[in-house]
Amino acid sequence: MTHAPKLEPTTPARGAVSLRDVTKVYDGGAVLVRALKGVDLELPGGTFTVVLGPSGSGKTTLLNVIGGIDVATSGQVRVDGEDIGHGDERALTAYRRGTVGFVFQFFNLVPTLTALENVALIAELTGGSGGAAQLLTEVGLADRLGHFPAALSGGEQQRVAIARALSKHPKLLLCDEPTGALDLDTGRSVLGLLRRMNRERGLSTILVTHNSAIAQMADRVVRMRSGAVVSAEPVDAPLEAEQVSW
Amino acid sequence: MRLWWRKAVRDIGRRRGQFIAVIVTSFLGVALFGASFDAYRNLVTSYDALFARTHFADLTVAGGDVQGFASEARNTAGVTAVSTRTVTESYARVGNHRFIVRLVGLPAERQPALDQVIVLRGRYLDPARLTGILLEQHLADYYHLGPGDKLEVRTPLGWASLPILGVAASPEYLWPARSRQDVLTLPQDFGVAFAPLGPLQLMSGGSGRQALLTVAPGPDHAARLTRLEQVARDHGATSITTRADQPSNAALHEDIAGFGEMALMFPILFLGAAAFTAFVIISRLVHSQRSLIGTLRANGVRRRAILFHHLGLGVAPAAVGGLLGGLAGEGLALLISRMYTGALKIPITVIHPHPLVALTGFLMAVAAVAVAALAPALDAARVPPAEAMRGVQPVMRGGPSLIERVVPWLSRLPASAKLVLRGAVRNPGRSLTTIAGVVLALVLVMVSLGMLDTTKVLLYRQFDRIQQQDAQVYVSGTANSSLQQRLAAQPGVAAVEPALQAKVVVQANGHSYDTALTAFQPDTRMHAFLGRRDRTLTLPAQGVLLGSALRTRLSLGVGDPVTLDLTDLHRSVHTTVAGFVDEPLGTFAYAALPFPATPTASGASASRAAADAIAPNVFYVRYAAGVDRSSLRQRLQALPGVVAVIDSRGLKAAADQLMGLFYVVVGAMLVFGAALAFALIFSTMTVTISERSAELANLRAAGVSRAQIARIVGGENLVLVLLGLVPGLVLAYLTAAVFMDSFSSDMFRFDLHVTPLTWAVAVLAVVLAALASQLPALGNVNRMDLAAAVRERGQ
């Protein structure tokens, strides 16, 4: 089994995440749901982290809080030293604009725009510097620029979503079950792409999944259960994506 | 079944804004339908009851051998009653005020067989008091006269003070029009009184005889009337008036026809909007619940149950709106009917609720929405269980929009602009619904604003451009030069011209038309003659100008021969048509003095021609600017030889006052139009937002601000509104033109005029409603749970 060499990133590492006693409580009316219970976590910049846990473990909530989609009920959330846990809606939008890129399970591309236009759209709306065509080439879709999502496979759509997320040059790439809607081979290729972007750009990547096989390719694995971090340990010899199997 | 219903109730509850839009539009459509249709029926029934009670004549004939015609009519099969009477006009005086009075002869001993009156106050005529008269109610009410008062009437022997025995209503004067041409006469200028037949015949010197008759109802009614009209012509009749053409009846039916038209227009607009809205909502609901429907089907739920469930989701709110609308419509109809009959002083009113109308409105609402909901309901029933259970969602096929294909350079637009352009038309059905909302709202707004503009232009054209005189001065004898000089010498009088006014029957090609002739001096400044497209015509030295309605009524063209029977003067003039005038009020004949003109003559021929000419009998007067019109009128009336002075501007002043009420009606229509646009666009926007929640949430997650999302979504909405504006304005204009034309007749000419301001107001009203309608949907975007929405499957 070939292990991935630990390469130095071609750009300085960014996106270091620090959580201190982070709690998230949802008020469900009759019931309070404690999705996160005093989470403490340190994720160095530039690492590829996989967050594992069963359904209801709080991994998605953790991603939401780090990504600024949701706000922690208490505790401290810092990204590259900046406290993002207590901002208002405008501040969180600015944070997501400048710092975070998201990749979701169901791609959620704009069906009325081509692949190129989907990537360019985010750059336009968030003041990005463009380069949509180059990004799509980097993710292996040079010959799919003018295709609409309906004409793309699931894997291709997810590649477009990744290019879209990268178009803002984020410090942090957050992925929520990015291979959940894909078959094995396609999923591997997408994971490989994410890993390559992480290495080439020094881009902190946090990938949430329930699929424990994927953890084998991570630099660090965080395991969660019932809203708490059970363990957060480095992986000595992460595998390449094509070696991962489930 | 209980849980099935609970699902339906919750589905509706979760989309209550959208379903409320269906309820509101259904309610408005049914309520306005019921109000207009029931009001129409109540008014028609009231008129019919009054006409039956008073034995309103089917045919009134004047001129020629009236007695001979009456005798022949009595022996004609199908004629149920015949009577004769005398009708003449004179002048009356109340204090310093003089006006034209029509005196209608009635038997003193009892009510006549036909055209009876309803005594409202006092008593009927008294054979023991042959000078006693009845006043028609409008005249009595205007001058506050009643039993015990007196009215001075000008007779051949001078002014006579006649005791008033009672006040009566007559089917001929529910709308106290002097003639079909003078439908808008003011009570201060014209009134009606009923006098004993014997003395009136003496006063009129035998003129003014009329025969009235009724024909048995049935399938032969119209044919019998037509034959009797020919019989009347054979007896030399110069005026033949059916009940339908009787001026008061015709004017009122034109008026209430408007209710009938509204009863058609409102349900089309509002129930159409309800149907569109229901289609959009249920289509979206079916789409979002495909996997659920598939699961139900896989578990054995029948297609029929799925079909009726989804059909019910549309029908239920329509039924609620229809039920409430039916009740409200009945209430409104009663209110409108009472107000209308009260305003017109109709003495017999039949005002009933019509449950059948409410039921019809209810069924219309349910049917309209059921038809619209059928397509998505069938779609739901056809969802294949296996496919839906696998959760496979139909993926929208993207592509450049039609406009990008038509205008290729649009492909260079930035992605955000293309997003707006393509987003606007990504769902053709929904886009059409938004556009339909814009179109329907524009129709409603333009019809009402168009009516307002048209009426204002009509009044301006009639009273500022065509009629130039300030007053008409009626004299005893002829309008001679010495009286003209005395009038002109009055301070405040700017100009005086003699003119000839005469009742005339225009005959050509076997048809005839009752109207009035006015002959002006050739260079008159008292009247402008405007033809098609406002072309100014010159008063011809030879021939006559006729109202343009006679072009079709009498099949006439310029240069055609025509005969003018001056009925009161017992003369016929053969002349030619010199042109046609387009006048908003009435269809008249105009000629130059001296009238009748003869071909160029000289010497003895010229003297004979002058002797044949009919002497002018009225003066047209223009006042100086700023003069006290009332006091000048009094001074003119006080001059010897002056019998009455009619203020020609009084009608315009009255019309201007009525415009205030018109603005209220138009304001209501604007509100309805805005509500229509709001309901439709609100529904399509909220459905669109919910469908794209994942897509929009992703943009928000990527750092796109709420304001940017609002601009994108609002921009798509605006594109659809703009797409709807052009066809909407075209359709609105055409609808308004047809609507106005439906009111046009020989009595009124409503040529649609729409000012630039109206175009702008209509567009602005609809655009503002559209912008307002998207606010709730944008609120939903702002309140979106990003964490949940980003994990939804996009659609």
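1. Over which residues of chain A does pLDDT stay under 50? In this predicted model, the stretch concerned is residues 1-11 of chain A, for which there are 24 contacts beyond four places in sequence. Where pLDDT is low, the predicted coordinates should not be read in detail.

2. For chain A as a whole, the mean pLDDT is 88, and 94% of the residues reach 70 or more.

3. B:Ala415, B:Arg422 and B:Arg791 supply 20% of the area that chain B buries against chain A, more than any other three residues. The contact draws 30 residues from chain A and 35 residues from chain B.

4. Four salt bridges are counted between chain B and chain A. The side chains of B:Lys418 and A:Glu117 meet in a salt bridge, at 2.7 Å from N to O.

5. Within chain B, helix α2 (residues 16-54) packs against helix α10 (residues 355-381) at an angle of about 145°, the axes lying 9 Å apart. The crossing of α2(B) past α10(B) is right-handed. Residues of α2(B) in this contact include B:Val22, B:Val30, B:Phe33 and B:Phe37, while α10(B) contributes, among others, B:Val357, B:Phe362, B:Met364 and B:Val369. By class, the contact comprises nine nonpolar, four polar and two charged residues.

Terms used
Residues are numbered from 1 along each chain as its sequence is written. Chains are lettered from A and ligands numbered from 1 in the order in which they are written. This is a predicted model: local features need pLDDT of at least 70, side-chain atom pairs count only at pLDDT 80 or more; totals for chains, interfaces and linings use all residues. Side-chain values use heavy atoms; hydrogens and water are left out. Axes are lines fitted to C-alpha atoms, for helices over the stretch in contact, and angles run from 0 to 180 degrees between N-to-C directions. Helices (H or I, at least four residues) and strands (E, at least two) are DSSP runs, numbered from the N terminus. A crossing is left-handed if the near helix is turned anticlockwise from the far one by less than a right angle, and right-handed if clockwise. Contact means heavy atoms within 4.5 Å. Ala, Val, Leu, Ile, Met, Phe, Trp, Tyr, Cys and Pro count as nonpolar, Asp, Glu, Lys and Arg as charged, and the others, Gly among them, as polar. pLDDT is the predictor's confidence in each residue, from 0 to 100. Buried area is the accessible area (1.4 Å probe) that two parts lose on being put together, summed over both.
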